[in-house]
Amino acid sequence: MIRSTCAVNGVAYGACAWDMPFVRAGESVDPPSLALPTVPAAATLAYTVTLHARDRSGVLWRYEGTSDVRRPFAARKRVGGGWNAYTTVTPLRSTTAGGEGDLVARDRNGVLWYYRGTGDPGAPFAPRERVGGGWNTYDLLF
């Protein structure tokens, strides 16, 4: 489940609804869509969204915002496989289409791993670094 709050000019406006279609390997479907809040200036607003999503086979995908409310995301881009080893993957700061932004991921043994953003969209994360164990104590990382 994705919980998002939309903001207008940096001020929280309200919850944003996502349409996240289930995608099977090899299928081509529209990317997730975001219902932006309706405000009088909506036609003049721009937004930037980068979303990472993991499929059932453990492949991590990057969805980049287009700033077009009619088609908010470009075609997804494959980051890499093996992400099914983690019980949770959480951004530390907003990830960008330019490959910036960091993630942490917790594995089934409770070890937390840090992925530093590289600034390279073709390889957005540096090799993982072990933060430490015992993170299964927490239900949620954010």
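This is a predicted model: local features need pLDDT of at least 70, side-chain atom pairs count only at pLDDT 80 or more; totals for chains, interfaces and linings use all residues.

Visitor: What makes β7 and β10 the edge strands of their sheet?
Guide: The open sheet of 4 strands runs in the order β7-β8-β9-β10, with antiparallel pairing. Strands β7 and β10 each pair on one side only, and that makes them the edges. From one strand to the next, the twist averages 25°.

Visitor: How do you know that β8 pairs with β7 and with β9?
Guide: Two strands pair if there are at least two bridges between them. Strand β7 (residues 86-91) and β8 have 5 bridges, in the antiparallel sense, and 4 bridges join β8 to β9, again antiparallel. As examples, T90 has V104 in β8 as its bridge partner, and L103 stands opposite Y115 in β9. The hairpin of β8 and β9 has 4 residues between the strands, and there G110 takes a positive phi near 90°.

Visitor: Why is β8 called largely enclosed?
Guide: Because 5 of the 5 residues of strand β8 (residues 103-107) are buried, the strand is largely enclosed by the rest of the structure. In a regular strand the side chains alternate between the two faces of the sheet. Here both faces are covered: L103, A105 and D107 are buried on one side, V104 and R106 on the other.

Visitor: Why is T88 called buried?
Guide: T88 lies in strand β7. Its relative accessible area is 18%, and buried means under 20%, so T88 counts as buried. Not counting residues up to four places away in sequence, T88 touches V104, A105, R106 and L141.

Visitor: Let us turn to the rings. Why is the pair of Y115 and F125 called edge-to-face?
Guide: A pair of aromatic rings is described by the distance of the centres and the angle of the planes. The centres of Y115 and F125 are 6.3 Å apart, and the limit for a pair is within 6.5 Å. Their planes stand at 75°, and over 60 degrees counts as edge-to-face, so that is the label. The pair links distant parts of the chain, 10 residues apart: Y115 is in strand β9 (residues 112-115) and F125 in the loop between β9 and β10 (129-132).

Visitor: How do you know that Y115 and F125 are buried?
Guide: The cut-off for buried is under 20% relative accessible area. Y115 has 10%, so it counts as buried, and F125 has 14%, so it counts as buried too.

Visitor: Why is the pair of W135 and Y138 called tilted?
Guide: The ring centres of W135 and Y138 are 5.5 Å apart and their planes are at 45°. Planes under 30 degrees apart would be stacked and over 60 edge-to-face, so at 45° the pair is tilted.

Visitor: What makes W135 and Y138 partly exposed?
Guide: Partly exposed covers values between the buried limit of 20% and the exposed limit of 50%. W135 has 26% relative accessibility, so it counts as partly exposed, and Y138 has 45%, so it does as well.

Visitor: How many aromatic pairs does the structure hold, and which residues do ring pairs link into a cluster?
Guide: The structure holds 6 aromatic pairs. Ring pairs link W83, Y86, Y115 and F125 into a cluster.

Visitor: How do you know that the charged end of R76 sits over the ring of W61?
Guide: The distance part of the test asks for within 6 Å of the ring centre. The charged end of R76 is 3.7 Å from the centre of the W61 ring, and it sits over that ring. Likewise, R128 lies over the face of W113, at 3.6 Å from the ring centre.

Visitor: Where does W61 find its bridge partner?
Guide: The partner of W61 is R78, in β6. Strand β5 (residues 60-64) and β6 pair in the antiparallel sense over 3 bridges. They belong to an open sheet of 3 strands in the order β4-β5-β6, whose edge strands are β4 (50-54) and β6 (77-80).

Notes
Residues are numbered from 1 along each chain as its sequence is written. Side-chain values use heavy atoms; hydrogens and water are left out. Helices (H or I, at least four residues) and strands (E, at least two) are DSSP runs, numbered from the N terminus. Buried means under 20% relative accessible area, exposed over 50%, partly exposed in between (1.4 Å probe, protein chains only). A charge sits over a ring if NZ of Lys or CZ of Arg is within 6 Å of the ring centre and within 35 degrees of the ring normal. Contact means heavy atoms within 4.5 Å. Axes are lines fitted to C-alpha atoms, for helices over the stretch in contact, and angles run from 0 to 180 degrees between N-to-C directions.
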